[in-house]
Amino acid sequence: MSFLDIRRATKSYGTVEVLHSVDISVEEGEFLVLVGPSGCGKSTLLNMIAGLESITGGEIAIKGRTVNGVHPSKRNIAMVFQSYALYPNMTVAQNMTFGLEMHGVPKAERDHALADVAKLLQIDHLLDRKPGQLSGGQRQRVAMGRALVRKPDVFLFDEPLSNLDAKLRVDMRTEIKKLHQKLGTTIVYVTHDQIEAMTLSTRIAVMNKGHVQQLGTPREIYDRPANVFVATFMGSPAMNIIPASVVVKDGCPNARVADADGVERLLPFSQPNLAGREGREILLGIRPEAITDPEGADRKSSNIVAMSNRVGVAEPAGSDTFVTMTLSGRDVIGRIRADANVTSGEPFSFAINMEKAVAFDPKTEERIVH
Ligand SMILES: Nc1ncnc2c1ncn2[C@@H]1O[C@H](COP(=O)(O)OP(=O)(O)O)[C@@H](O)[C@H]1O
Ligand SMILES: [Mg+2]
């Protein structure tokens, strides 16, 4: 039994099922991020945990107690919404303690909780203001403060940073992470932003079309994506997916691809099991950072493959340069050092870290594990 258990949970609106048998367990103190494209069912799932949406099938349990049908106010959870949902006519202090008052918490205790949380979030100087007199970032803090004063079992966040500008979003992200490390609270956090998911979470559930595609640590999801969807959704620029076939040479499997001039090239895999797929089509998955200039290649890798290929475009991005080339008719992106000498349309010596390559079944799009 976990702290928060979601078992075979489904949700239908009328005859349309929007969540399909979701299984997720969250341990106490975990920071679970639900990530996926818009409309995939993240908010619906979060609202089901909160009790704001009913559960069509399956079960949700918090600390071993089934909460299906339990009123939101009786679940001991707190939610922070994208819109903040602050009361405009109440002061910051009133907004933060209103929930406690409703739960009959005595004034002295409320004041104590308020002072603690206001200090923690550095909003003590704003307590007498109204929400209209606050910046976006300050409102965000107040919304979090209102959740924190209640000392709930689980915090639920629904895209809390999406209304903030880019700079503030990054700052608040760091603050939320610090807050979690300090308080050790259990958090379920919804975002469509894969970078937010990677940086904040202890584990990530990647969702698409109402299905959990993969549940794992950020490293597992990034290095061993379950399928092409996860591989291309997590990471920016996305993982390159290149049609290839398996050629076995001296007992070792290679991915056969065509370069920009249509010439066949063999890229040796580090996964010996792929030899069992001799002659079959696969999709080769390589992240941009595994395609570099020779000097930028990972020195710890035992499988760096040199390959010259014509450069499509080179896009300097300050710290690195993104370079495209064609492999098997697809645009492939590499990430090379900013001072590497690269010219659009000219051949370039790429270094491909095949130790990091993965392979997918072209029919099922699942990663080939065995
Ligand atoms: N009240 C509703 N009635 C009918 N369909 C809904 C309702 N709320 C959400 N949906 C549908 O459920 C799916 C998941 O929505 P949602 O959970 O809001 O996605 P996300 O938060 O991932 O963007 C979408 O297809 C959406 O159109
Ligand atoms: Mg949503």
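By class, the lining of the second largest pocket in this predicted model has 10 nonpolar, five polar and nine charged residues, where Asp, Glu, Lys and Arg count as charged, Ala, Val, Leu, Ile, Met, Phe, Trp, Tyr, Cys and Pro as nonpolar, and the others, Gly among them, as polar. A pocket is an open set of points on a 1 Å grid over the protein atoms alone, with protein on both sides within 12 Å along at least five of seven lines, whereas a cavity is a set where a 1.4 Å probe fits but cannot get out; lining residues have an atom within 4 Å of a point.

**Second largest pocket**
- This pocket has a volume of about 390 Å³, a volume being the space filled by probe spheres set on grid points that are joined across faces, edges and corners.
- Of its 24 lining residues, the closest to the centre are Asp223, Glu355, Lys356, Ala357 and Val358.
- The helix α7 (218–223) gives the most to this lining, with three residues; helices (H or I, at least four residues) and strands (E, at least two) are DSSP runs, numbered from the N terminus.

**Largest pocket**
- The largest pocket has a volume of about 520 Å³, and of the 18 residues that line it, the closest to its centre are Ile77, Ala78, Met79, Phe81 and Arg150.
- Its lining divides into 12 nonpolar, four polar and two charged residues.

**Cavity**
- A search of the whole structure finds one cavity of 30 Å³ or more, and the largest cavity has a volume of about 70 Å³.
- Its lining has eight nonpolar, two polar and no charged residues, and the largest share, four residues, comes from α5.

**Conventions**
- Residues are numbered from 1 along each chain as its sequence is written, with chains lettered from A and ligands numbered from 1 in the order in which they are written.
- Local features need pLDDT of at least 70 and side-chain atom pairs count only at pLDDT 80 or more, while totals for chains, interfaces and linings use all residues, and side-chain values use heavy atoms, with hydrogens and water left out.
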